[in-house]
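Please open the structure in your viewer and keep the selection tool at hand.

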Amino acid sequence: MIHLANHPLSRRTVLQAATVGAAGISPALRALVHAAGSDAPEKKEVRIGFIPLTDCASVVMASVLGLDQKHGVKIIPTKESSWAGVRDKLVNGELDFAHVLYGLIYGVHLGLGGPKKDMAVLMNLNQNGQAITLSKKLADKGAVNGAGLAKLMAAEPREYTFAQTFPTGTHAMWLYYWMAAHGIDPIKGAKVITVPPPQMVANMRIGNMDGFCVGEPWNHRAIIDGIGVTAATSQEIWKDHPEKVLGTTGDFVKKYPNTARAVTAAIIEAGQWIDASLSNKSRMAETIADKSYVNTSVDAINQRILGRYQNGMGKSWDDPNHMKFYHEGAANFPFLSDGMWFLTQHKRWGLLKDHPDYLGVAKQINQVELYKQAATAAKAALPKSELRSSKLIDGVVWDGKNPKQYADSFKIKA
């Protein structure tokens, strides 16, 4: 038995530990081991980079609502212009953390197409809420979904250009997976370019691309501006998929574990707040639409955040699988299988030449124990397993159990 009285801990940690005494060894009790006399954050002020996207909301709201200060830190949200810029500033220490693409963190950890540095995923920031937009010109020719696009590309062969936001990132993987599921080879059968999210709509307007995959509000913005249609949502590709993460370097977590835990707890609470009510979602949309953050109209954000979708061709629907920031804890837990999935796709598309140690790499990057401690501090629900099972758009089930076989199983691959 651990006697709390023998440990010179803060009152909060003692209370956290005491509240779960009857439930066995909890993350709060495990925190005693590394608390070293105090769970106070080592660094009181942190810079968190973000890209102007709806899913930066929990980072922004943690700061705006003062949830960061509740946990003993001050978050300074820092607006960035591209994912490559976010990567470079994380690696060189200009940013302490970032709202960042899941696959970007994995790519940097393995040195794919850029600097190699040990990286860490502290939590998942959101599920769902991205989309694939096709140009109005393509839609007018019948390319309003994956099947229509495949038919048009076969009937009118030319170089078709599609944009994603970062080579190892989520949007590249959703785009490739969706195209391949409809029989289109995204590598050999199309030209794929990298464009920062806020520049997608402007580039489509001048004819630089036939389609793109990006986060909101830029898909809905293309509809408002009359230049694109929504061909697929990312939740159609993978319901409740992982999306952005709170990322940092491995060195930061080792040097400032209490800071990492405090920031994670604050952002979990911000996600809980956003998901708690329609009025909170509306307030969030009004906050992040400001030029300091996403810099767009509130109506470009608030419809899809409430699950009210339209495709730009007269169809409207209520989507229960819209963007979630907490989802009873499921949106935030850094499932090892989620990280491994990105590795399987990096292997599938030739970004990785050989099979990595899928589970080993995921365990290095995803800070599961630290997340559990932060979740306890934020009173957040925890799942039973560090792996989860999902069926994707092509009917194939991913459960993390045999990643090598899964990665090799696809007919269309690099």
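**First stop: a polar pair.** Select Q130 and H171, whose side chains are joined by a polar contact of 2.8 Å. Please bear in mind that this is a predicted model. Q130 belongs to strand β5, which covers residues 130–135. Is Q130 buried or exposed? Its relative accessibility is 0%, and because buried means under 20%, Q130 counts as buried.

**Second stop: the open sheet.** Now display the strands β2, β1, β3, β10 and β4, which lie in that order in an open sheet of 5 strands with mixed pairing. Which strands stand at the edges? They are β2 (74–79) and β4 (119–124); each has a single partner strand, so one side of each lacks a neighbour in the sheet. Neighbouring strands in this sheet are turned against each other by 30° on average, direction ignored. In general, strands of a sheet pair through backbone hydrogen bonds, either parallel or antiparallel.

Next select residues 83–92, helix α5, which lies across β3, β4 and β10 and runs at about 140° to β3.

In soluble globular proteins, nonpolar side chains tend to be buried together. Here the largest nonpolar core has 126 residues, of which I267 and W341 touch the most other members. Select I267 and show its surroundings: leaving aside residues up to four places away in sequence, the residues that I267 touches include I48, V59, M123 and L246.

**Last stop: a helix with a buried side.** Select residues 278–288, helix α15, and colour its buried residues: N280, K281, M284, A285, T287 and I288. These cover an arc of only 165° around the axis, which means that they lie on the same side of α15. What is on the face turned away from the buried side of α15? That face carries the exposed residues L278 and E286. Finally, display α3 (57–64), α14 (257–276) and α16 (298–305), which are among the elements covering the buried residues of α15.

Terms used:
Residues are numbered from 1 along each chain as its sequence is written. This is a predicted model: local features need pLDDT of at least 70, side-chain atom pairs count only at pLDDT 80 or more; totals for chains, interfaces and linings use all residues. Side-chain values use heavy atoms; hydrogens and water are left out. Two strands pair if DSSP finds at least two bridges between them. Helices (H or I, at least four residues) and strands (E, at least two) are DSSP runs, numbered from the N terminus. Axes are lines fitted to C-alpha atoms, for helices over the stretch in contact, and angles run from 0 to 180 degrees between N-to-C directions. Contact means heavy atoms within 4.5 Å. Buried means under 20% relative accessible area, exposed over 50%, partly exposed in between (1.4 Å probe, protein chains only). A polar contact is a pair of N or O atoms within 3.5 Å; within protein, one must be able to donate a hydrogen and the other to accept it, and residues adjacent in sequence count only if both atoms are side-chain atoms. A nonpolar core is a set of buried Ala, Val, Leu, Ile, Met, Phe, Trp, Tyr and Cys residues joined through side-chain atoms within 4.5 Å. The arc is that of the directions from the helix axis to the C-beta atoms.
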